[in-house]
Amino acid sequence: MNQQNGSILSVKDLRTYFATEDGVVKAVDGITFELTKGETLGIVGESGSGKSVTNLSVMRLIPEPPGQIAGGRIVFDGIDVLGLSIEKVRDLRGRRIAMIFQDPMTSLNPFLKISTQLTEVTRLHLNHNEQQARAHAIKMLKLVGISDAEDRMDSYPHEFSGGMRQRVMIAMALSCDPELLIADEPTTALDVTIQAQILELIKDLKARMGTSVILITHDLGVVAGMTDKIIVMYAGKVFEQAPTKELFATPANPYTKGLLKSVPDPAHEEGKELYQIPGLPPDVAHLPPGCPFAERCYRAEDICRREFPPFVEINSDHHSLCHFAQEVYAESIKENEVLHV
Amino acid sequence: MSETNGNVLISMQGLKVHYRLGGGLFSAARTVKAVDGVSLDIQKGETLGLVGESGCGKSTLGKAILRLTEPTGGKVFYNGKDLAHLPQSAMREQRKHLQMIFQDPYASLNPRMTVGNIIGEPIRTFGLSKGGRVETQVQELMETVGLSRRFIRRYPHEFSGGQRQRIGIARALAVDPEFIVADEPISALDVSIQAQIMNLMERLQAEKGLTYLFISHDLRAVRHLSDRVAVMYLGRIVELANGKEIYRDPLMPYTKALISAVPVPDPEIEAKRERIILKGDVPSPINPPSGCPFHTRCPFAIDDCKKIVPSLTEIKPRHYAACIRISPDHPNVEVNAAAGLGAIGR
């Protein structure tokens, strides 16, 4: 999985708050994780869980105000990201850390030709001259599988289909050979066949260039095949983190368990009724005092509504935010044994 | 391919929706063949899943059945009447039995109307109840779909996405329909809410004997909800079979690629899976390829595929596919390709 064992990104107790009319929204509230070089980390959560804000914080892309990184540390390859001047951050972005979004049009300028946008990046970050930049751009477009790249270079974004635009954005993101790629729902707007193309492309690039990847998604199927480890977020908190196989086999958090059971699985399906998590995701501006999931949880007890749960260590790689983490973990092991008898 | 057990609720025969585009002073008019000759039966009480990539015409087909888009050819039989050729007034009467649920429950709910009025409107329009009885009925509907009746005076923006979809479902149920076209009803919802809506749809089907056409690009959801699944590509049905069967043994190369592309929430399986990665995008329906519409992306295409338009053929019992490279005697396209078998059956 990871050949070199150095840490590429370390996030410690990150807190990102937003001032709203409703009061302070703690969109991200004490997130800690570590990404090893060459690894792929999946961040899973529903809307409002804080998964995108976490990564916007890493990129220092939080609009201030109303947003504010209220605390914590972000260390990228030994550099304290929160202590950097905005110029230095800009140099980091695009060159060493790249980001791709769900909607490619958020990062492509509709008024500029693809060639202009692609060459701009390398001229800025790699000091390419015009010729070098153009040659490099064509190379990148070919790399992401755009045929007749020379001819299509001078097209505008609207002349490409959704899947092609996503490729162009990936080409742009990878132009400077970044060490870390943050992909925020990169395939959510795409059809499955195109999704498979894009995911294959990311895997392939990762293998070739050794890029570390953070993949943010709501789709458990996507993270199952793509990641080494997973963080499950809910209401701005890490609810569970574990190596991918372990998380799927023996989850130690009721929310993770519920999510896993509520997705139809075409490989194991026997036409049974889907498990459903009752209720709605919480309003992050008005969180209850105890566990934010208590109201929807199948095994919540009084303590869950009263006290905020501890972040329990199952083993050194596996943690769960739950008063009953050990019990839930034991349940999962039992269920897993039954499945494999 | 009509099944002959007499339980057909909706029968489409050669249904077409063609749009004309342009045709100005300097450009010739072009035709978009969104739906191009679909013949398909929907059985009473079943859920027929309709899958395909964006632009394949699946939503247009759903709307054409209900005449929310006018068909330009073919017929749609319901209760012995051809819906495609009914006068508008008679069609309006039929809408009591035929309803639709939309993808974006926000865009399809009037933001200035209270939930009570949104759900009550079809009841009043069709004169199904009057006065205070309407409100009682609305409250019952709200409870049926899992909304508290206390919310009756609230407006759509006061609800979450999942709750809005429940309102959309309650409105569709208000006229006590027989058939519902559900067009991507869960795509805009959070994962934990998707399961709630799917379970609700299943429960309502069991209670009221509803028939669904479930349109979705989410193959996992379709697999879960559908009895049979039809696969659509560039305006045509290219494969049709029982849900379990089509996922276990897809025949048409496009269906194979589609099913293999679906990520499975199981890392052990994902690690071992072989995917068929298709090249390129779906061709434009303005200028669809000749012959088999899939031949431009098909790994098994031969010269004849460019010339012959394949028809939906029963390859295995009740399993239909449109591909000239397979036949009842030779259903496996990989084997046929390896053996150098050409257009079979010619």
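A crossing is left-handed if the near helix is turned anticlockwise from the far one by less than a right angle, and right-handed if clockwise.

**Before you start**

This is a predicted model: local features need a pLDDT of at least 70, side-chain atom pairs count only at pLDDT 80 or more, and totals for chains, interfaces and linings use all residues. Residues are numbered from 1 along each chain as its sequence is written, and chains are lettered from A, ligands numbered from 1, in the order in which they are written.

Colour by pLDDT, the predictor's confidence in each residue from 0 to 100. Chain B averages 89, and 96% of the residues score at least 70. Where pLDDT is low, the predicted coordinates should not be read in detail. For the complex, the predictor gives an ipTM of 0.78 and a pTM of 0.85.

Helices (H or I, at least four residues) and strands (E, at least two) are DSSP runs, numbered from the N terminus.

**Stop 1: the chain A hairpin**

Select residues 7-20 and 23-36 of chain A. These are strands β1(A) and β2(A), which pair in the antiparallel sense over eleven bridges. Two strands pair if DSSP finds at least two bridges between them. Two residues separate β1(A) from β2(A) in this hairpin. Find A:T16; opposite this residue, in β2(A), stands A:V28.

**Stop 2: the chain A sheet**

Now show the open sheet of eight strands in chain A. Its order is β6-β7-β8-β3-β9-β10-β12-β11, with mixed pairing. Go to the edges: β6 (97-100) and β11 (311-315) of chain A each have a single partner strand, so one side of each is left without a neighbour in the sheet. On average, neighbouring strands of this sheet are turned by 20° against each other, direction ignored. Angles run from 0 to 180 degrees between N-to-C directions, and axes are lines fitted to C-alpha atoms, for helices over the stretch in contact.

Zoom in on β11(A). Four bridges join β11(A) to β12 (residues 318-321) of chain A in the antiparallel sense. A:V312 stands opposite A:S320 in β12(A).

**Stop 3: where the chains meet**

Show both chains. 40 residues of chain A are in contact with 33 residues of chain B. Contact requires C-beta atoms, placed from the backbone, to lie within 7 Å. On the side of chain A that touches chain B, select α6 (162-174), α7 (192-209), α8 (220-226), α9 (244-249) and α10 (254-262); these are the elements that give two or more residues. α7(A) gives the most, with seven residues. Colour that side by class: 19 residues are nonpolar, 13 polar and eight charged. Ala, Val, Leu, Ile, Met, Phe, Trp, Tyr, Cys and Pro count as nonpolar, Asp, Glu, Lys and Arg as charged, and the others, Gly among them, as polar.

**Stop 4: β1 of chain B and its partners**

Select residues 8-22 of chain B. This strand, β1(B), pairs with β2 (residues 29-43) of chain B in the antiparallel sense over twelve bridges. The bridge partner of B:K16 in β2(B) is B:D36. β1(B) also runs antiparallel to β4 (residues 73-78) of chain B, joined by five bridges. There, B:Q13 stands opposite B:K75.

**Stop 5: helices around α3 of chain B**

Select α3 (115-125) and α4 (132-144) of chain B. They pack at about 120°, with their axes 9 Å apart. α3(B) passes α4(B) in a right-handed crossing. Among the contact residues are B:I119 and B:I123 of α3(B) and B:V138 and B:L141 of α4(B). By class, the contact has six nonpolar, three polar and two charged residues.

The axes of α3(B) and α5(B) come within 7 Å and cross at roughly 30°. The two helices are therefore roughly parallel to each other; the cut-off for that term is under 35 degrees. This crossing, too, is right-handed. B:V115, B:I118, B:I119 and B:P122 of α3(B) meet B:I167, B:A170 and B:R171 of α5(B). Six of the contact residues are nonpolar, none polar and one charged.

**Stop 6: the chain B sheet**

Show the open sheet of eight strands in chain B, ordered β6-β7-β8-β3-β9-β10-β12-β11, with mixed pairing. Which strands stand at the edges? They are β6 (98-101) and β11 (313-316) of chain B, each with a single partner strand. Here neighbouring strands are turned by 25° against each other on average, direction ignored. α5(B) packs on this sheet, touching β6 and β7 (179-183) of chain B, and its direction makes about 175° with that of β6(B).

Finish on α9 (residues 253-261) of chain B. This helix lies across β9 (228-233) and β10 (236-242) of chain B, running at about 110° to β9(B).

Key. Two residues are in contact if their C-beta atoms, placed from the backbone, lie within 7 Å. Angles under 35 degrees count as roughly parallel, over 145 as roughly antiparallel, 65 to 115 as roughly perpendicular and the rest as oblique.
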